[in-house]
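Please look over the sequence and the model together before reading on.

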Amino acid sequence: MAAEDGEALLEFFRSSSQESRQARFFGSVADHALRQIAEQQVGIGPGRRCSSVAKLEPDDSIVGHATCSVDGTGRAEIASCAPTRASPKGWRSPPSLTRPH
């Protein structure tokens, strides 16, 4: 994920319903918090975390996001989100998973 994806990722997060944000981020997320999350995601480099996006051509709009974070104890958190077919504003977001290596 490139630094220039930050604003597009923020718009992707903003486009979700409040219910979808609660499912993905485990609580109500205000706009300033969404901006901070987007900035953190594009700032991830090699190491214990990674993040990627799926883009739709021709405008490169973001249509999916995934992230993985290793906590140093042999466990990892994986989260992803993408629009559902029934409702582009509703995300299908599996619960975050943690499991030992």
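## Contacts along the chain

Among the contacts in the protein chain with a separation of 6 or more, 40% are accounted for by residues 24 or more positions apart. These values belong to a predicted model, and they should be read with that in mind.

## Elements and surface

The protein chain holds 3 helices and 5 strands, and the order of these elements from the N terminus on is α-α-α-β-β-β-β-β.

Of the 101 residues in the protein chain, 29% are buried. The chain exposes about 6,400 Å², of which 53% is supplied by carbon and sulfur atoms.

Strand E1, which covers residues 49–56, pairs in the antiparallel sense with strand E2, which covers residues 61–70, and the pairing runs over 8 bridges. Within this pairing, Ser52 stands opposite Ala66 in E2.

The two strands, E1 and E2, form a hairpin with 4 residues between them, and in the turn Asp60 has a positive phi of about 60 degrees.

## Confidence in the model

The average pLDDT of the protein chain is 75, and 75% of the residues score at least 70. Confidence is highest in helix H1 (residues 6–14), at a mean of 88, whereas strand E5 (residues 97–100) has the lowest, at a mean of 44. Over residues 91–101 the pLDDT is below 50, although this stretch has 38 contacts in the model beyond near neighbours in sequence.

How values were computed
Residues are numbered from 1 along each chain as its sequence is written. This is a predicted model: local features need pLDDT of at least 70, side-chain atom pairs count only at pLDDT 80 or more; totals for chains, interfaces and linings use all residues. Side-chain values use heavy atoms; hydrogens and water are left out. Two strands pair if DSSP finds at least two bridges between them. pLDDT is the predictor's confidence in each residue, from 0 to 100. Contact means heavy atoms within 4.5 Å. Buried means under 20% relative accessible area, exposed over 50%, partly exposed in between (1.4 Å probe, protein chains only). Accessible areas come from the Shrake-Rupley method with a 1.4 Å probe; for residues, only the protein chains shown count as cover.
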